[in-house]
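Work through the exercises below with the sequence and the 3D structure in view. Try each task before reading its solution.

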Amino acid sequence: MTNLPDTCDVLIVGGGPAGLAAAARLAEAGLDVHLVEREPVAGGIPRHCGHSPYGWREFRRVMGGQAYAKRLIARAKACGAQLHTGVTVTDLGRRGQVTVSSDSGLQSVQARAVLLATGARETPRAPRFIGGTKPGGVMNTGALQSLVYLNRERPFRRPVVLGSELVSVSAALTCRHAGAQPLAMIEANDRPTTWRAATWLPRVLGTPLLLSTQIEAIHGRSWVEGVTLVNGQRRWDMDCDGVVVTGAFRPENALLRASAIDVDPRTRGPVVDQYGRCSDPAYFAAGNLLRPVETAPWCWNEGRMVAGAIITALAGGLPDPDLSEPVSAGHSGISWHLPQRISPNFSSPALENVQIGLARPMTGTVRYGQASGNLRSRPARRILLPLPDGGVDLQFEETP
């Protein structure tokens, strides 16, 4: 770690794939780039993940998450970016004035541009309204992977996994790596959230997927002893010694909520235009702070693209943000979309598409401006539409 300067060209908040990729590109362009990460080691979520596949899009080789994170860190440093770990941002002031806290105390850093890449986190047990007692052995995927891959511990032998997202499959694989056998993957909906093919692997490894099923209660005193499951009118108990609560990601937006930067109520991330530029034009955002949730290679590429927009912005090449127009969506089935604004006369956008997330499975036609597109998809699927020329209202006409 080096000492943070009082001023710099670009300050990056967050050391995951998006932040590290942006740091490499910005430093390679000759800018004075400083990245701050509150954890003792940069790398983001992949640093906690020991299994494959990572790295093919970025480095044309398949590697585990830890090796992938190390490669991203090495690349950023080799390009000249300065990485500062154990540093927590406490305030996002106007026009790039950022306050940080470290072992050295509080410090104010004035940056010409700030990239927010704080990522996302899983929704814990409490907001899911799971009843029962509060024993040990209930954790999210990140905590599980930290125990298994970083601390070499096995927290349980026979857990259940709540959720059927890609991260749920990752949790099941992590359990197997630790020598634990998940008894079931539990999904409240009548179909898996991730691609159905992705759930085959846990099944092959002996973990059934229970659809239309909920965890009503968790039981145990000092440690998990079992759960009560509900499927329609059926209710039964399953003995287990752990519960992994996975997925339902939400952006890590505590800093945003305490700032003057506009927050989108749907994504819970910042309102951005097609350059990843926030309502305060000194701030940009990339990665899973923008939406819940994308893969590591997607965030890596998005970090690179938004870094390109920052380079253009510092050279005075981006259009006036005050002339941007809103992109809106009134249909109840559209859970979120981004960008939320479109700046005029754009070229080489960082966000090359309108991205849409669904609240439920939907089939029909999306119409916006002069464009339209057919859509047949489910939640957690990547839906991309061409960028419009200006602000539009996304209209969805469902097909019965």
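**Exercise 1: a sheet of four strands**

An open sheet of 4 strands has the order β8-β13-β14-β15, and its pairing is mixed. This is a predicted model, in which local features need pLDDT of at least 70 and side-chain atom pairs count only at pLDDT 80 or more, while totals for chains, interfaces and linings use all residues. Residues are numbered from 1 along each chain as its sequence is written, and side-chain values use heavy atoms, with hydrogens and water left out.

Task: state which strands stand at the edges of this sheet, and describe how β8 is joined to β13.

Solution. 
- Step 1. Two strands pair if DSSP finds at least two bridges between them.
- Step 2. β8 (131-132) and β15 (234-239) each have a single partner strand, so they stand at the edges and one side of each is left without a neighbour in the sheet.
- Step 3. β8 and β13 (residues 214-219) run parallel and are joined by 2 bridges.
- Step 4. Opposite Gly131 stands Ala217 in β13.

**Exercise 2: a sheet of three strands**

Task: for the open sheet with the order β21-β23-β26, state the sense of the pairing and find which residue is the bridge partner of His337.

Solution. 
- Step 1. The 3 strands of this sheet pair in the antiparallel sense.
- Step 2. β21 (334-338) and β26 (383-386) are the edge strands: each has a single partner strand, so one side of each has no neighbour in the sheet.
- Step 3. From one strand to the next, the twist averages 25°; axes here are lines fitted to C-alpha atoms, for helices over the stretch in contact, and angles run from 0 to 180 degrees between N-to-C directions.
- Step 4. Between β21 and β23 (residues 353-358) there are 4 bridges. The bridge partner of His337 is Ile356, in β23.

**Exercise 3: salt bridges**

Task: say how many salt bridges a search of the whole structure finds, then describe the pairs Arg112 with Asp9, Glu216 with Arg235, and Arg291 with Glu302.

Solution. 
- Step 1. A salt bridge is a side-chain nitrogen of Lys or Arg within 4 Å of a carboxyl oxygen of Asp or Glu. The search finds 11 of them.
- Step 2. Arg112 and Asp9 meet at 3.2 Å, N to O. This pair links distant parts of the chain, since Arg112 is in β6 (residues 105-116) and Asp9 in β1 (residues 7-13), 103 residues apart.
- Step 3. Sort these two by relative accessible area, where buried means under 20%, exposed over 50%, and partly exposed in between (1.4 Å probe, protein chains only). Arg112, at 45%, is partly exposed, whereas Asp9, at 18%, is buried.
- Step 4. The side chains of Glu216 and Arg235 form a salt bridge of 2.9 Å, N to O. Glu216 lies in β13 and Arg235 in β15, so the pair ties together parts that are 19 residues apart in sequence. Glu216 is partly exposed at 35% relative accessibility, and Arg235 is exposed at 52%.
- Step 5. In the pair Arg291 and Glu302, the closest N and O atoms are 2.6 Å apart. Arg291 is in the loop between β18 (283-285) and α8 (296-314), and Glu302 is in α8, 11 residues apart. Both Arg291 and Glu302 are buried.
- Step 6. A network of salt bridges links Arg38, Arg121 and Glu252.

**Exercise 4: helix α5 and its surroundings**

Task: compare the length of α5 with the expected span, and state what covers its buried residues.

Solution. 
- Step 1. The expected span of a helix is 1.5 Å times one less than its number of residues.
- Step 2. The buried residues of α5 include Val167, Val169 and Cys175.
- Step 3. Their cover includes α4 (141-150), β10 (159-162), β11, α6 and β16 (242-245).
- Step 4. Just after α5, Gly179 takes a positive phi of about 90°.

**Exercise 5: two single residues**

Task: is Asp190 buried or exposed, and which residues does Ser146 contact?

Solution. 
- Step 1. Asp190 is found in the loop between β11 (185-186) and α6 (200-204). With 52% relative accessibility, Asp190 counts as exposed.
- Step 2. Contact means heavy atoms within 4.5 Å. Not counting residues up to four places away in sequence, Asp190 touches Leu211 and Ser212. The C-alpha atoms of Asp190 and Ser212 are separated by 4.7 Å, although the two are 22 residues apart along the chain.
- Step 3. Ser146 lies in α4 and is buried at 19% relative accessibility. Leaving aside neighbours within four places in sequence, Ser146 is in contact with His48 and Asn151.
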